[in-house]
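User: I am new to reading protein models. Can you walk me through one, feature by feature?

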Amino acid sequence: MTTLSNAANATAPKAARRMRRRLPGIGESLVLSLAGFAILFGGWWLLARSGLVPEQVLPGPDAVLAEILHLMRTPFAGSTLQMHLLSSIGRYLMGLALAVAVGLPLGLLMGWSRRVERAISPVFEALRFIAPIAWLPFATLWFGTGIGGPILIIFSGAFPPCVINAYYGAKLIPTPILEASRTLGASSLRMLTDVLAPGALPSIIAGVRIAAGIGWQSLVGAELIVVSSGVGYLMMQGQTNLSTAVVMAGMAAIGVTGFAIDVLLRLIESRIQKGALA
Amino acid sequence: MAQAVRAGRRGRAGMPQVVSRGGLLSFLVVLGLWALATGPLDLVGPARFPSPADFWQSGVQIVTRGYAGGTLLTQVWHSLRLVLFGFVVASATGVGLGLLMGLSPRAEKLINPTFLLLRPIPPLAWIPLAILWFGLGDAAKIFVIWYAAFVPSVINTLTGVRGVDRTILSAAEVHGASRSQLVRDVVIPAALPMIFTGLRLSLQACWTTLVAAELVGAFFGIGRVLMTASQDVNPGMILFAMVCVAILGAGTTWLLGTLERRAMPWRQA
């Protein structure tokens with residue numbers, strides 16, 4: 001929770017600066033943005049209030065907010081909302097870490113050595129067309145309802161961007177630098193850690209950010225089907241109980257967390273790029 | 001997002017050709033390893049991963065006798081139809097909204113913040129809600145596919161329109177282009193590469209979302225085949241359905257690429 005509010009605070013001035021630069025009439029844009037929110041939430045609230053659609057189908061924004069607060073205090077589907085979120089995030093980080101740990105070195109090697117590239121890229125390209133979520137049946141078959149299944153799905157979503165961006169990052173490193181380091185006696189491992197990785201860093205960071213986004217999405221998909229805790233599971237339980245408010249509360253939690261992850265990685269990205277330029 | 005998109009595009013444009021002698025070789029190596037591991041070496045049990053023979057039998061079974069309520073053709077056609085329909089509707093509405101926001105700063109200020117608020121909710125997270133609202137039938141699938149494809153098309157269209165070179169716009173204006181001419185002949189062609197990037201991302205999102213939605217609950221479709229195969233513990237059929245999903249994804253992407261080259265003959269490289 002602290003990281004979330006920190007991230008929000010840190011981006012606020014940046015966003016404001018960007019807006020001031022682009023839009024001279026800040027007053028007008030503020031009014032229009034607020035009007036946009038008002039139309040969405042007001043329309044939603046009115047529709048829920050009017051009785052045209054039953055409460056069960058569309059609870060109002062106030063009801064969803066109340067449900068979120070309720071879920072944070074009383075357990076639903078096994079635990080409270082924040083505990084569900086925590087178990088989702090734990091799984092997510094494991095899957096993402098695995099994808100980064102395997103994907104980046106592989107991508108760098110493919111960018112460095114033509115032989116590795118020729119051997120791996122056809123298989124990789126073919127596998128990439130399989131939607132991450134399509135691994136689900138095998139995930140269940142191999143790992144049951146254990147932790148391995150969701151991790152496999154997150155991995156298969158987050159792995160390709162890591163490989164691709166590391167590959168292009170390594171390709172962009174000028175050949176003389178690679179040859180010089182090799183001639184001066186760098187071992188393969190040192191090539192990877194001291195030459196390829198730093199050289200490809202900006203591209204790698206962008207890749208990790210894409211991977212983080214896709215990984216989070218894949219996690220949601222995995223949790224809808226194979227697990228017995230986490231926000232996706234909470235939503236499925238809400239759906240089986242025909243409780244739209246619970247489902248919407250889960251969506252809000254997923255949206256906020258996804259947004260926080262993206263903001264955090266953007267911050268790291270700009271920090272690193274600034275460092276690389278200096 | 002723009003950066004992500006650019007990186008993604010670079011990824012596709014420059015990746016080495018799949019069909020080469022080396023590529024064929026590594027495919028054969030993988031096939032050989034697969035046959036060895038599941039067959040003579042017995043490294044992987046048949047309940048965990050199918051052998052090439054299992055895979056082939058499953059393929060024959062679904063093509064001739066059908067599986068999970070239909071033959072391969074009906075299942076594939078069911079999924080393909082949903083994706084195509086959802087994708088076309090989403091591209092039309094998404095590109096439309098993106099153009100509107102790109103052309104009218106006022107519309108952008110009104111809509112964009114709200115749009116940015118909804119954007120972080122991944123399409124897959126809409127599936128339970130879609131089922132509550134529309135049930136397990138096609139309507140729910142079309143809704144989530146639409147949402148999945150809508151978001152990237154809006155974002156990329158907006159980015160494309162914003163990125164149109166001001167000089168070109170001024171030049172067209174100086175030469176007396178009307179507003180509609182400006183949009184039709186200058187803005188849209190200039191934004192087209194970005195628009196197509198968005199469409200390609202949309203198409204991928206469509207397939208992922210459809211498969212997920214059909215896994216959660218459906219009566220027909222390739223995702224339904226996957227789910228049934230999973231419940232029946234039929235690894236051969238699981239793998240066959242996965243390969244079908246991959247081929248469908250690759251095939252529709254190729255189709256879109258052809259369309260893209262047709263739409264932008266001036267970009268032939």
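Analyst: Start with helix length. The expected span of a helix is 1.5 Å times one less than its number of residues. Keep in mind that this model is predicted.

User: How many residues has helix 11 of chain B, and how far does it reach?

Analyst: Helix 11 of chain B covers residues 235-263, which is 29 residues. From first C-alpha to last it reaches 42 Å, close to the 42 Å expected.

User: Which residues of helix 11 of chain B are buried?

Analyst: A residue counts as buried if 20 or more other C-beta atoms lie within 10 Å of its own. In helix 11 of chain B, the buried ones include Pro235(B), Met237(B), Phe240(B), Cys244(B) and Leu248(B). Part of their cover comes from chain A, through helix 6 (136-143).

User: How many residues of chain B are in contact with chain A?

Analyst: There are 49 in chain B, facing 53 residues of chain A. Helix 11 of chain B gives the largest share of chain B's side, seven residues. By class, that side has 35 nonpolar, ten polar and four charged residues.

User: What is the secondary structure of chain A?

Analyst: Chain A has twelve helices and zero strands. Of its 278 residues, 42% count as buried.

User: What share of contacts in chain A joins residues at least 24 apart?

Analyst: Take the contacts between residues at least 6 apart in sequence. In chain A, 74% of these join residues at least 24 apart.

Methods:
Residues numbered from 1 in each chain as written. Chains lettered and ligands numbered in written order. Predicted model: local features only at pLDDT ≥ 70, side-chain atom pairs only at ≥ 80, totals over all residues. Helix = DSSP H or I, 4+ residues; strand = E, 2+ residues; numbered from the N terminus. Buried ≥ 20, exposed ≤ 12 C-beta atoms within 10 Å, placed from the backbone. Contact = placed C-beta atoms within 7 Å. Nonpolar A, V, L, I, M, F, W, Y, C, P; charged D, E, K, R; others polar.
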